[in-house]
Amino acid sequence: MTGRPGEGLRRVEREIVGEKAAALGRAGERLEHVLGEARAAAARLLAAEDHDRVLRAQEYATVRARSLEARLALLIQREALGLRRHATVDQQYPEPPTAEALVRRKRA
């Protein structure tokens, strides 16, 4: 055996911590990407003509659902790391409004 006692265990623990951090980063990147798609879909919905609005609302709802799933995945990853408070996530990555709420805001 080479090295000091426990050195192998410490190395594995560091690798695990690194992988957890990387997984959290990937979850955040996925959420940022899909939120960008949601913003683009929202812009298309708000710019849509009457005849195209239903299709654009469905498109937005689909992307919004994906963003909610990605947001939940990020929250779960944070929980797995022991991060229990998610106020930062709520501020940085707010839940996209529903299509109905978007259209209401535009009319107001």
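Which side chains meet R56 or E59 in a salt bridge? R56 and E59 meet each other, at 3.2 Å from N to O; a salt bridge here is a side-chain nitrogen of Lys or Arg within 4 Å of a carboxyl oxygen of Asp or Glu. R56 and E59 sit three residues apart in helix 2, so about one helical turn separates them.

Before going on, some ground rules. This is a predicted model, where local features need pLDDT of at least 70 and side-chain atom pairs count only at pLDDT 80 or more, while totals for chains, interfaces and linings use all residues. Residues are numbered from 1 along each chain as its sequence is written, and side-chain values use heavy atoms, leaving out hydrogens and water.

Back to E59: it also forms a salt bridge with R44, with the closest N and O atoms 2.8 Å apart. R44 is in helix 1 and E59 in helix 2, so this pair ties together parts 15 residues apart in sequence. Helices are DSSP runs of H or I, at least four residues, numbered from the N terminus. R44, D52, R56 and E59 are linked in a network of salt bridges.

Now for the inside. The largest nonpolar core has 18 residues, meaning buried Ala, Val, Leu, Ile, Met, Phe, Trp, Tyr and Cys residues joined through side-chain atoms within 4.5 Å. Buried is under 20% relative accessible area, exposed over 50%, and partly exposed in between (1.4 Å probe, protein chains only). Helix 1 gives the largest share of this core, eight residues.

R71 is buried at 12% relative accessibility, and its side chain meets D90 in a salt bridge (2.4 Å, N to O).

How values were computed. Helices (H or I, at least four residues) and strands (E, at least two) are DSSP runs, numbered from the N terminus.
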